[in-house]
Amino acid sequence: MTQPLGIILAGGQATRMGGGDKGLLPLGDSTILDHVIDRLEPQVAGLALNANGDATRFTHLKLPVLPDSIVGYAGPLVGVLAGLDWAAEQGVDTIVTVAADTPFFPCDLVPQLLLASEGMDHRLALAATPRAEGEKTKSMSRSGLIRHPTFGIWPVALRDDLRAALNDGLRKVVIWTDKHHGRETVFNDAGDPFFNVNTPEDLKQAQAKFTGDAGDMR
């Protein structure tokens with residue numbers, strides 16, 4: 001297989017931040033999105049950004065901007081579909097997705113997703129982390145792991161199946177991945193490698209974490 005393409009999912013409405021693009025918020029001497037790009041770019045064959053609205057606000061990034069093909073902010077699976085359609089045009093058989101508001105995800109995300117999906121007819125796996133004692137989440141798997149649905153490897157071969165599911169009203173990522181026997185890739189990194197910026201308080205935490213981890217950011 002060819003190396004996956006990377007898709008940064010930035011199609012949400014950021015309602016808890018008051019709207020706008022969370023990825024363009026400052027972090028250190030650049031933006032959250034800059035750090036996401038720096039982490040993902042070395043791991044993939046090429047990058048694109050899934051985002052809606054005026055694409056010129058991302059011109060400085062020099063990346064293809066892929067809008068959702070299904071209107072109404074239907075969730076991250078729609079961004080995954082946009083990435084799969086783009087990858088099909090490039091002749092690539094898989095993509096890896098990350099969230100635009102999660103600047104500390106593992107630097108070995110793609111190799112670990114590839115390893116976990118080895119031997120599958122269609123590579124499909126989500127990142128997961130061990131569940132802390134007493135922690136509950138809607139994305140918890142039967143094995144007790146916490147799945148991170150915006151971080152995964154996805155096969156172009158199933159894009160029409162995904163399109164049909166979305167047109168039928170499906171929105172929950174894990175329902176679709178479970179249907180296709182998607183696997184889990186467990187990351188035991190210290191702290192919370194999939195910490196994402198949803199609120200102004202989260203942004204303050206990210207700034208503090210960046211200051212503490214500045215030597216490890218790139």
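In helix 3 (residues 109-116), the residues Leu109, Val110, Leu113, Leu114 and Ala116 are buried, where buried means under 20% relative accessible area, exposed over 50% and partly exposed in between (1.4 Å probe, protein chains only). Viewed down the axis of helix 3, these buried residues fall within an arc of 165°, so they line one face of the helix; the arc is that of the directions from the helix axis to the C-beta atoms. Helices (H or I, at least four residues) and strands (E, at least two) are DSSP runs, numbered from the N terminus. The model is predicted: local features need pLDDT of at least 70 and side-chain atom pairs count only at pLDDT 80 or more, whereas totals for chains, interfaces and linings use all residues. Residues are numbered from 1 along each chain as its sequence is written, and side-chain values use heavy atoms, with hydrogens and water left out.

The buried residues of helix 3 pack against helix 1 (32-40), strand 6 (94-99), strand 7 (125-129), strand 8 (146-155) and strand 9 (183-186). Contact here means heavy atoms within 4.5 Å. Leucine 109 touches Gln43, Val96, Val98, Ala127, Phe151, Phe187 and Phe194, not counting residues up to four places away in sequence.

Strand 8 pairs with strand 6 in the antiparallel sense over 4 bridges, and threonine 97 stands opposite glycine 152 in strand 8. Strand 8 also pairs with strand 7 in the antiparallel sense, over 5 bridges; here alanine 127 stands opposite histidine 148. Strand 7 and strand 9, by contrast, pair in the parallel sense over 4 bridges, and alanine 128 has valine 186 of strand 9 as its bridge partner.

Strand 8 is mostly covered, with 8 of its 10 residues buried.

In soluble globular proteins, nonpolar side chains tend to be buried together. A nonpolar core is a set of buried Ala, Val, Leu, Ile, Met, Phe, Trp, Tyr and Cys residues joined through side-chain atoms within 4.5 Å. Of the 36 residues in the largest such core, Ile8, Leu33 and Leu109 touch the most other members. Elements that give two or more residues to this core include helix 1, helix 3, strand 7 and strand 8; helix 1 gives the most, with 5 residues. A second, separate core of 30 residues includes Trp86, Met120, Val156 and Leu166.

Terms used: Pairing = 2+ DSSP bridges.
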